[in-house]
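Dear colleague,

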Amino acid sequence: MLSEQSAATVRATLPAVDGAIDTIAERFYDRLFTAHPELLRDLFNRGNQAAGTQRQALAGSVAAFAAYLVEHPDERPDAMLARIAHKHASLGVAPGQYETVREHLFAAIAEVLGDAVTPEVAAAWDEVYWLMANALIAIEARLYAERGIAAGAAAWREWEVVDRVEETPDVATFRLRPADGDREPAPAFRPGQYVSVQVGLEDGARQIRQYSLSGAPGVGIRQISVKRVRGARAAGAQAASAAYAPDGEVSTYLHAHIREGDRLRLSAPYGDLVLDDRTGGAADTTPLLLASAGIGVTPMIAMLEHLAGTGHPAPVTVVHADRSPADHPLRADHVTYTGKLPDAAAHFWYERPEPGHPADRTGHVDLTGVAVAPGTRAYLCGPVPFMKAVRGQLIAKGVAPADIHYEVFGPDLWRASPMSSGPVGEATMSSTVTGSSEA
């Protein structure tokens with residue numbers, strides 16, 4: 001892995017780089033988009049760039065990877081790399097783009113740190129960068145090969161909308177089938193995975209976002225459930241801060257313009273928050289817990305439908321938090337699929353419940369009164385504070401940290417240990433380059 005000489009140099013300079021990484025990231029993106037405006041227009045999430053969250057994502061990823069190499073010189077943080085690679089592959093990232101990133105990143109480092117970037121320091125950090133980049137390129141090549149596609153434009157396929165369902169005032173489900181019919185089968189997917197959706201906006205940009213597949217595998221129709229992301233101004237924020245939280249460009253476009261008969265460009269399915277290959281079927285005795293909040297329900301519904309369809313006999317605990325029953329996306333599916341399982345229970349928490357809703361299911365999720373079977377494997381998806389709280393409660397109930405798996409869309413505003421499944425601080429571990437999300 002990292003050479004001894006480079007490890008010593010990185011260890012000595014990591015505090016300086018870490019302390020300046022936000023400024024480095026800002027200069028990097030300014031340089032990159034000046035040289036390649038098409039990347040901001042057609043690949044990067046413009047909303048995340050405007051809010052500054054993607055710059056934090058790059059900073060956290062580079063610093064975390066370097067720190068890991070220094071602390072574990074004979075290991076590689078494969079869990080972290082796999083998550084990043086899935087995001088990149090869903091965007092069609094090609095190997096040549098890593099050289100472009102390197103060029104502008106190292107120019108930004110030199111600009112910010114000045115004379116501190118000696119040839120020795122530059123060589124050490126170059127080694128760090130290419131260890132990370134080459135590992136990602138290799139993983140992404142394998143992901144493309146498994147799906148029988150190539151990077152770039154070949155990673156996209158047109159799908160036709162065959163149905164649209166209004167789940168809540170702000171969530172719509174789009175059901176799609178390949179627009180080219182049965183010319184070639186669509187790549188299979190696993191419950192919990194997502195696809196990237198590329199849309200052409202009115203200003204000519206082709207923006208990309210990831211949306212979880214909210215239906216189980218096994219049918220020709222795929223579905224995504226999209227929440228319309230409302231910006232700070234719509235939520236009543238002061239005008240001075242509204243620019244930093246714009247409406248979601250893609251979600252707003254999908255809600256306003258896409259109807260039955262329209263077409264969308266989709267990637268193959270990706271994502272590593274998936275049910276274990278052994279999960280499901282009469283022989284599986286693993287207790288499961290599926291916890292979600294808000295639109296984080298979408299991968300959980302796909303998992304739950306799969307479990308119901310395969311007859312999972314072990315206990316399944318379903319947990320969901322939302323503002324109100326009317327805001328709870330796919331609520332009927334949540335109830336229906338839970339009811340089809342032989343040993344399952346659903347627990348819903350609402351901030352604004354209907355009359356008669358249990359008092360101990362009002363407000364934030366509190367698992368005190370919820371039975372969690374020994375050996376439970378848990379899957380979490382939702383806002384970071386929700387997942388942190390639920391993870392802590394599960395560990396207190398005896399669930400092993402390694403058995404708690406999570407998904408964060410967009411730039412992950414936390415730091416997860418690369419060798420574990422949970423948050424331990426406040427930085428970023430995935431979506432290194434582009435940081436697209438459900439917006």
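The notes below go from the whole chain to individual helices, aromatic residues and single positions.

Please bear in mind that this is a predicted model.

**Overall composition**

The chain contains 12 helices and 13 strands. It has 439 residues, of which 52% count as buried. Among contacts with a separation of 6 or more, 74% are between residues 24 or more positions apart. The accessible surface of the chain is about 18,100 Å², and carbon and sulfur atoms account for 53% of that surface.

**Helix α9**

Helix α9 spans residues 249-257, and its buried residues are Val250, Ser251, Leu254 and His255. These residues lie on the same side of α9, because they cover an arc of only 130° around the axis.

**Helix α10**

The buried residues of α10 are Val297, Thr298, Pro299, Met300, Ile301, Ala302, Met303, Leu304, Leu307 and Ala308. What covers them includes β4 and β5, together with β7 (288-293), β8 (316-322), α11 (331-340) and β10 (377-381). After α10 comes Gly311, which has a positive phi near 75°.

**Aromatic pairs and charges over rings**

How many aromatic pairs does a search of the whole structure find? The search finds 7. In one of them, the ring centres of Phe33 and Phe44 are 5.1 Å apart and the planes stand at 80°, so the pair is edge-to-face. The pair links distant parts of the chain, since Phe33 belongs to helix α1 (residues 4-35) and Phe44 to the loop between α2 (37-42) and α3 (46-51), 11 residues apart. Phe33 is buried at a relative accessible area of 12%, and Phe44 is buried at 2%. Phe33 and Phe44 also form one aromatic cluster with Phe28 and Tyr29.

Tyr129 and Trp130 make up another edge-to-face pair, 5.2 Å from centre to centre and with 85° between the planes. The cut-off for buried is under 20%.

Two arginines lie over aromatic faces: Arg83 is placed over Tyr406, at 4.2 Å from the ring centre, and Arg102 over Phe106, at 4.5 Å from the ring centre.

**Individual positions**

Leu81 is part of helix α5 (residues 78-90). Its relative accessibility is 0%, so Leu81 counts as buried. Which residues does Leu81 touch, not counting residues up to four places away in sequence? They are Phe65, Arg76, Met132, Ala135, Leu136 and Ile139. The C-alpha atoms of Leu81 and Ile139 are separated by 8.2 Å, although the two residues are 58 residues apart along the chain.

The loop between β8 and α11 holds two further positions of interest, Asp327 and Leu330. Asp327 is partly exposed, with a relative accessible area of 26%. Leaving aside neighbours within four places in sequence, Asp327 is in contact with Thr168, Asp322 and Arg352. Asp327 and Thr168 are 159 residues apart along the chain, and their C-alpha atoms are separated by 5.8 Å. Leu330 is buried, at a relative accessible area of 2%. Leu330 is not a glycine, yet its phi is positive, about 55°.

Yours sincerely

Note on methods:
Residues are numbered from 1 along each chain as its sequence is written. This is a predicted model: local features need pLDDT of at least 70, side-chain atom pairs count only at pLDDT 80 or more; totals for chains, interfaces and linings use all residues. Side-chain values use heavy atoms; hydrogens and water are left out. Helices (H or I, at least four residues) and strands (E, at least two) are DSSP runs, numbered from the N terminus. Buried means under 20% relative accessible area, exposed over 50%, partly exposed in between (1.4 Å probe, protein chains only). Contact means heavy atoms within 4.5 Å. Accessible areas come from the Shrake-Rupley method with a 1.4 Å probe; for residues, only the protein chains shown count as cover. The arc is that of the directions from the helix axis to the C-beta atoms. Rings of Phe, Tyr and Trp (its six-membered ring) pair if their centres lie within 6.5 Å; planes under 30 degrees apart count as stacked, over 60 as edge-to-face and the rest as tilted. A charge sits over a ring if NZ of Lys or CZ of Arg is within 6 Å of the ring centre and within 35 degrees of the ring normal.
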